[in-house]
Amino acid sequence: MWQGEVVGIYIAPQATQPMRPVAEARAVTGKGLEGDRYFRQAGTYSAKPGPHREITLIAIETLEAVARETGITLPAGESRRNIATRGVPLNDLVGQTFRLGEVRVRGVRLCPPCQHLEDLTRRPGVMKALVDRGGLRVQVLQDGPILVGDPILPEKAKAP
């Protein structure tokens with residue numbers, strides 16, 4: 001059994017704009033995080049809608065490993081993912097239901113890195129460094145707030 005934590009929340013109002021950290025965000029079923037580009041259908045890939053565009057997660061351990069292994073430092077917000085996690089096996093959660101604080105979500109599919117990410121970060125090699133560990137796309141199943149510091153738990157686990 002695992003238990004993780006939300007260590008950062010990031011949104012950008014428009015495509016290509018810098019992600020900004022927020023202390024909390026409201027997740028809305030079928031839309032994602034209020035204030036984010038994909039919630040507003042103003043993201044780079046908004047023309048391809050679906051539950052895989054609602055919220056994206058990245059493991060802070062991945063970003064730390066990339067820095068150790070390659071020397072590429074990528075702050076969580078620059079990963080272009082909405083939520084940075086700690087202690088969560090993201091790759092194992094495709095098809096699984098879990099909680100981000102009060103919000104119930106389902107892992108839809110992995111979030112592979114793309115050339116767009118490398119172009120925006122101006123960090124050559126970041127795309128290759130994140131292959132098979134670029135994060136997870138999740139669908140919101142229940143509206144609610146997500147706060148930095150919230151526990152991330154498997155569906156059947158009880159909050160501490």
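Predicted model: local features only at pLDDT ≥ 70, side-chain atom pairs only at ≥ 80, totals over all residues.
Strands of a sheet pair through backbone hydrogen bonds, in a parallel or an antiparallel sense.

## A lysine over a ring

K31 has its charged end over the ring of F39. The distance to the ring centre is 4.7 Å.

Strand β7 covers residues 97-100, and strand β8 covers residues 103-110. The two pair in the antiparallel sense over 4 bridges. F98 has V105 of β8 as its bridge partner. β7 and β8 form a hairpin with 2 residues between the strands. There, G101 takes a positive phi near 65 degrees.

β8 also pairs with strand β9, residues 136-140. That pairing is antiparallel and runs over 5 bridges. V105 stands opposite V140 in β9.

## The aromatic pair

The whole structure holds 1 aromatic pair. It is made by W2 and F98. The ring centres lie 6.5 Å apart and the planes meet at 70 degrees, so the pair is edge-to-face.

W2 sits in the segment before β1, and F98 sits in strand β7. The pair therefore ties together parts that are 96 residues apart in sequence. F98 is buried, because its relative accessibility is 0%, and the cut-off for buried is under 20%.

## Salt bridges

A search of the whole structure finds 4 salt bridges. Side chains of opposite charge can pair when their charged atoms come close. One of the bridges joins R86 and E64, at 3.0 Å from N to O. R86 lies in strand β6, residues 83-86, and E64 lies in helix α1, residues 60-70. The two are 22 residues apart, and the pair links distant parts of the chain. R86 is partly exposed at 35% relative accessible area. E64 is also partly exposed, at 33% relative accessibility.

Helix α1 takes part in another bridge, through E69. E69 pairs with R133 at 2.6 Å, N to O. R133 sits in the loop between α3, residues 126-129, and β9. This pair links parts of the chain 64 residues apart. R133 counts as partly exposed, at 23% relative accessibility. E69 counts as exposed, at 53%. The cut-off for exposed is over 50%.

R104 and E155 form a further salt bridge, with the closest N and O atoms 3.0 Å apart. R104 lies in strand β8, and E155 lies in the segment after β11, residues 151-154. The pair therefore ties together parts that are 51 residues apart in sequence. Both ends are partly exposed: R104 has a relative accessible area of 28%, and E155 has a relative accessibility of 27%.

## Positive phi away from glycine

Most residues other than glycine have a negative phi. T16 has a positive phi of about 70 degrees, although it is not a glycine. T16 is placed in the loop between β1, residues 4-11, and β2, residues 20-22. T16 counts as partly exposed, at 47% relative accessibility.

D132 also has a positive phi, of about 65 degrees, and is not a glycine. D132 is in the loop between α3 and β9. R133, the partner of E69 in a salt bridge, lies in the loop between α3 and β9 too. D132 is exposed, with a relative accessible area of 64%.

Key:
Residues numbered from 1 in each chain as written. Heavy atoms only, no water. Pairing = 2+ DSSP bridges. Salt bridge = Lys/Arg side-chain N within 4 Å of Asp/Glu carboxyl O. Buried < 20%, exposed > 50% of the residue type's maximum accessible area, 1.4 Å probe, protein only. Phe/Tyr/Trp six-rings, centres within 6.5 Å; stacked < 30°, edge-to-face > 60°. Lys NZ or Arg CZ within 6 Å of the ring centre and 35° of its normal.
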